[in-house]
Amino acid sequence: MPSFSKLYDSFKNGYVVAVLSVLLAFIAVGAVVYKPLTTQSNPVVQSQDISEITKLVANRHKLEYLLLAQPLSDFPRYVFKYKDADEIHVVKVPSTSHTNLEREVLLKNAIPYAIAKDEFLNANRAILEDEEAQRSALAEAGSFLARNAIGIALLVFLFIGLRKGMPSLGLGSGASVIKPENLKGSMDDLVGMEDIKREVAHLEEMIINRDLYRSHNIDKPFNVMLTGPAGTGKTKLAGYLAKKLDIPLIQASGSGLESGFVGGGSKALNALYKKAVAQGRCIIFLDEAQSLFMPRGRGDKKWDDDTANTLLGLLDGVKSEEGSGVIWVVASNFDDANSQMDEAMLRRFAVKINFRLPNKSERRELLNVFLSRKDVECIDWSNLNLDYVAEITANLSPALLETVVDRASMIAIQEKSLIDTDVLFRAFERASIGLTDRATTAEKNKERERVALHELGHFFMQIDPYIREGLSWDEVKAKSNLLKISTESVSKIGALGYVLSSASDVSLRTLEELEQDVVQLYGGVAAEELFYGARGISTGSQNDIQKVTSMLDLMVNRLSMYSRSKLDYSQLKGEASPDEALRQVEAKADELYTRTLEAMKDYKDLISALTGTLLERYVLSKDEVFELLAELTEPPRKAA
């Protein structure tokens, strides 16, 4: 028998009363509003999908009529019907999109249309009656609740019993409000980067002393643009700034603004702004927003620019006291130096902070900070050369350096050892290249021999300039950036072998250095031709040839390095210029490959001698390679 006293007590629970009240209200509304749906002679299909209008170009032969209803309103409607269908299609669009559609789709493709007359609209009232559709939806909901009230009630009680909360609607668009007391870290966590810290300190001073700037008639919001490679600390900086200013941070992703519906991004941005205004002084942080900075009007779909247009309007200064305390901070992985951006958008930002990759001393400091966060007994400091690790990790962002240190911890835990230079080296290799595998090629001796010759070809073309200077092997070793040569397969890059080298912090390259890079890439395919003949070159050179093609295109066409006329030939649209550019690229490629093949002949015996050892050991470190070379012969010396 059920206990009525317990049942009575449960009805005194606020949660139970609220849930039952909502259920009864829905059931009552459904009972009153619900009416059986009747099929019309010409059912109306409502939509906001603009692509239905663009499809009319391909389906114009099936079109019975196309009408515009309320063309001067905020949301005009396109009304059309196909000859072989009963449905009348209604597509509701914003007025800004309607102008573009009319020009780019209807007029451009000569699709006939007319303004819908009152007689037609009166005869088909469903075209304009959004409320009717809402009532039908409400009636459907009421009917559903009436039929399934018991099941829904049981589910609600189950949720209450498990004490599960309903998911929060939040801000939408992936946005979240973070109070300053909940933000972690500080500006001191940006190791090095003193130039960036100075810019941020200046920005902070401007925001705090806003009255001083008003005395100079400067009263615009300090919209901030953060640019630079991924993993350099842009997102963290926004949090540090909000914490230092003691104001909330509203964070959203640029990609999260796109809802897939017409005007969805604009609505999300406006909702974001209204939420910020309600907070008073706060920071709106848009992360990964590079798509909003691209030039508008690039494609046929002009309505794709609605989100960017809305952002432009919100960034365009303070027009009233409302929103005067809102600061926009927008982060992008690209800047106007390496990517074309919308000029109007760029002008909206009073402050631009460009992040960069850390230099060698900053990398060493970052590695030391990341390692210092671990327990002392986890690290073998006596066998840890941070200068060497900082050197081999050139061009890595702070985020990737932290990944290397974390990977080193994983290796140390698995091997029950301490973190030292060797463990960090293997962690760097694992993070940059991925897992290596010997089993894939263990039984493929012929392929492994080809891979060994190919990788040794790369290596000898890397050190060829030093050998021809007449340097000793020790001197060549000091200048070489080789780390190891391997014939293990790497699934991440789809390679059966690789030459691992340290990168350089130097970003500017001369013509001579670029040509040496091309020769080094050609070293692998030249070694295959040297040992197997011109018809024995394998598909393993595909990646090298793709890189060479890209580099030669940069040198010949975009930088015009071989011409007195310094032009970017890639911008010329004349019919003759592509053929001429192709001939120049082919001629230079032939010249550099011939040079590589001739140079490779001097090292044929050394490559043959090293191949056997490499096949036996699978991997040769830099020390092992130069020890073998010193045992085999002295480097050939060439007179100046």
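Trainee: Why is Glu429 called buried?

Mentor: This is a predicted model, and the value computed from it for Glu429 is 8% relative accessibility. Buried means under 20%, so Glu429 counts as buried.

Trainee: What makes Lys484 and Glu429 a salt bridge?

Mentor: Their closest N and O atoms are 2.9 Å apart, and the cut-off is within 4 Å, so the pair counts as a salt bridge. Lys484 sits in strand S13 (residues 482-486) and Glu429 in helix H17, so the bridge ties together parts that are 55 residues apart in sequence. Lys484 is also buried, at 11% relative accessibility.

Trainee: And Glu204 with Lys244, how do you know that is a salt bridge?

Mentor: The closest N and O atoms there are 3.3 Å apart, and the limit is 4 Å, so that pair counts too. Glu204 belongs to helix H8 (residues 194-208) and Lys244 to helix H10, so parts 40 residues apart in sequence are tied together.

Trainee: How do the axes of H16 and H17 cross?

Mentor: The axes of H16 (residues 398-415) and H17 (residues 421-432) come within 8 Å and cross at roughly 115°. The crossing is right-handed. Among the residues that meet are Val404 and Ile411 in H16, and Leu424 and Phe428 in H17. By class, the contact has ten nonpolar, no polar and four charged residues.

Trainee: What makes S6 and S11 edge strands?

Mentor: The open sheet runs S6-S8-S9-S10-S7-S11, with mixed pairing. S6 (176-178) and S11 (351-354) each have a single partner strand, so one side of each is left without a neighbour in the sheet.

Trainee: Why do S6 and S8 count as paired?

Mentor: Pairing takes at least two bridges, and S6 and S8 (residues 249-253) have three, in the antiparallel sense, so they qualify. Ser176 stands opposite Gln251 in S8.

Notes:
Residues are numbered from 1 along each chain as its sequence is written. This is a predicted model: local features need pLDDT of at least 70, side-chain atom pairs count only at pLDDT 80 or more; totals for chains, interfaces and linings use all residues. Side-chain values use heavy atoms; hydrogens and water are left out. Helices (H or I, at least four residues) and strands (E, at least two) are DSSP runs, numbered from the N terminus. Axes are lines fitted to C-alpha atoms, for helices over the stretch in contact, and angles run from 0 to 180 degrees between N-to-C directions. A crossing is left-handed if the near helix is turned anticlockwise from the far one by less than a right angle, and right-handed if clockwise. Contact means heavy atoms within 4.5 Å. Ala, Val, Leu, Ile, Met, Phe, Trp, Tyr, Cys and Pro count as nonpolar, Asp, Glu, Lys and Arg as charged, and the others, Gly among them, as polar. A salt bridge is a side-chain nitrogen of Lys or Arg within 4 Å of a carboxyl oxygen of Asp or Glu. Buried means under 20% relative accessible area, exposed over 50%, partly exposed in between (1.4 Å probe, protein chains only).
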